[in-house]
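Hi,

Here is the structure I promised to pass on.

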Amino acid sequence: MSDPRPLLTVLVTSPRVAAGLLSRDAWDALAAADQVLAADPEDPVPAAVSASGITVTAAPYDVAAEAARTLVEAAGAGPVVWIGSPDADPGLTDALAEELTRLDEPPQIEVLVGSWDLPGARLLDAVAVMDALRSPGGCPWDAQQTHESLAKYLIEEAHETVEAIETGDADHVAEELGDVLLQVLFHARIAADEDPGYTVDDVAGLLVEKLIRRHPHVFGDGDASTPEEVEQSWEQIKAAEKSDRDSDDLLAGIPPSLSPLLVAEKVLSRARRRGIQLSYDASADVGAQLLALVERAQAEDVSADAALRATLRDVARKRSIAE
């Protein structure tokens, strides 16, 4: 048996989804309501509902308790839909609960989700915040930065992220990845003001194109089925894209500022994928001995760079405890 009490529906939507893209249940509730109310009918969602032919009545308020009283009283006369405000109506839920508890026969109340965020939707918020920081009236420090002034922070944040990964703290990793993302958004926003420049959409678009192009076994007719075959295919595609590079130059494109141990790992990996047999005397000097250790680490599926950092942390920790 259906509940005979009047119904008050609080319609909540995602500000990251186009205003008119509501669920079927949301449109059904809006169509069935005797009244559709909103704090400001000019806000995106109420405006989209009005454009569909459904009347939206303004119900502005200064405090949440005032809005709660208005909604509960309106629901007494028939089904009402409240279209949530872009700021999510702070305090309204608590005010409605308080208003309903003082009534002998309160109306039904339901919260109806009209639209949901897709995975990655909060990235839009991050882009918007970065834009606000760099725009007139934003942060003077952020507005002053350049690609060159920020370069050191990109390196620093990447290293801090690696450190967080190696310590195994998931919350710390998430935070540090956010700092790396900030650097990407920052550089893209700076570039948007340059001529010629590019935007964060250009950055994302280039990434998508590269990922699709270099994964033909997923997005095309490639047949790589093992991690080793995928690596070899990636190397071949990359070599074709960068045909101006000397295919025998194992150092081509590797940043000179990269840790020598990581450079050694990349050189050894490239040589293996390209079928190049490196010739060196593993006992000739310290450099050769280090290269041999990196090769041994790779054979054991260990990063020599990460292993050395872990040992250094362990040694430093034991020294600190001893003192």
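Some ground rules before the details. This is a predicted model, so residues are numbered from 1 along each chain as its sequence is written, local features need pLDDT of at least 70, side-chain atom pairs count only at pLDDT 80 or more, and totals for chains, interfaces and linings use all residues. Side-chain values use heavy atoms, with hydrogens and water left out.

Most residues other than glycine have a negative phi, and most peptide bonds are trans. Against that background, a few spots are worth a click. The peptide bond from Asp-195 to Pro-196 is cis, with omega near 0°. Pro-196 sits in the loop between helix H8 (170-192) and helix H9 (200-213). (Helices, H or I with at least four residues, and strands, E with at least two, are DSSP runs numbered from the N terminus.)

Two aspartates have a positive phi without being glycine: Asp-89 at about 50° and Asp-301 at about 60°. Asp-89 is in the loop between strand S4 (80-83) and helix H4 (92-101), while Asp-301 is in the loop between helix H13 (286-299) and helix H14 (304-322). Are they buried or exposed? Asp-89 has 5% relative accessibility and counts as buried, whereas Asp-301, at 74%, counts as exposed. The cut-offs are under 20% relative accessible area for buried, over 50% for exposed and partly exposed in between, with a 1.4 Å probe and protein chains only.

**Salt bridges**

Side chains of opposite charge can pair when their charged atoms come close. Here I call it a salt bridge when a side-chain nitrogen of Lys or Arg is within 4 Å of a carboxyl oxygen of Asp or Glu. How many are there in the whole structure? The search finds 16.

One of them is between Asp-125 and Arg-16, at 2.6 Å from N to O. This pair links distant parts of the chain, 109 residues apart: Asp-125 is in helix H5 (residues 122-134), and Arg-16 is in the loop between strand S1 (7-12) and helix H1 (24-32). Both ends are partly exposed, Asp-125 with a relative accessible area of 24% and Arg-16 with 25%.

Another is between Arg-309 and Glu-166, whose closest N and O atoms are 2.3 Å apart. Again the pair links distant parts of the chain, with Arg-309 in helix H14 and Glu-166 in helix H7 (residues 147-167), 143 residues apart. Arg-309 is partly exposed at 26% relative accessibility, and Glu-166 is also partly exposed, at 26%. Salt bridges that share partners join Glu-163, Glu-166, Asp-305, Arg-309 and Arg-313 into one network.

Glu-300 and Arg-296 also meet in a salt bridge, at 3.4 Å from N to O. Arg-296 is exposed, with a relative accessible area of 52%.

**Helix H7**

H7 has 21 residues and spans 30 Å from its first C-alpha to its last, close to the expected 30 Å; the expected span is 1.5 Å times one less than the number of residues. His-147, Leu-150, Glu-157, Thr-161 and Ala-164 are its buried residues. They cover an arc of only 90° around the axis, so they lie on the same side of H7 (the arc is that of the directions from the helix axis to the C-beta atoms). The buried residues pack against helix H6 (140-144) and H8, where contact means heavy atoms within 4.5 Å. The face turned away from the buried side carries the exposed residues Glu-148, Lys-152 and His-159. Just after H7, Gly-168 takes a positive phi of about 80°.

Leu-123, Leu-181, Val-184, Tyr-198 and Val-203 form a nonpolar patch on the surface, with about 370 Å² of accessible area together. Patches are made of residues with over 30% relative accessible area and no salt bridge; like charges are joined within 9 Å, and nonpolar side chains (Val, Leu, Ile, Met, Phe, Trp, Tyr) within 5 Å. The areas come from the Shrake-Rupley method with a 1.4 Å probe, and for residues only the protein chains shown count as cover. Val-184 lies in helix H8 and is partly exposed, at 37%.

Finally, Gly-53 is in the loop between helix H2 (44-51) and strand S3 (57-58), and is exposed at 61%.

Cheers
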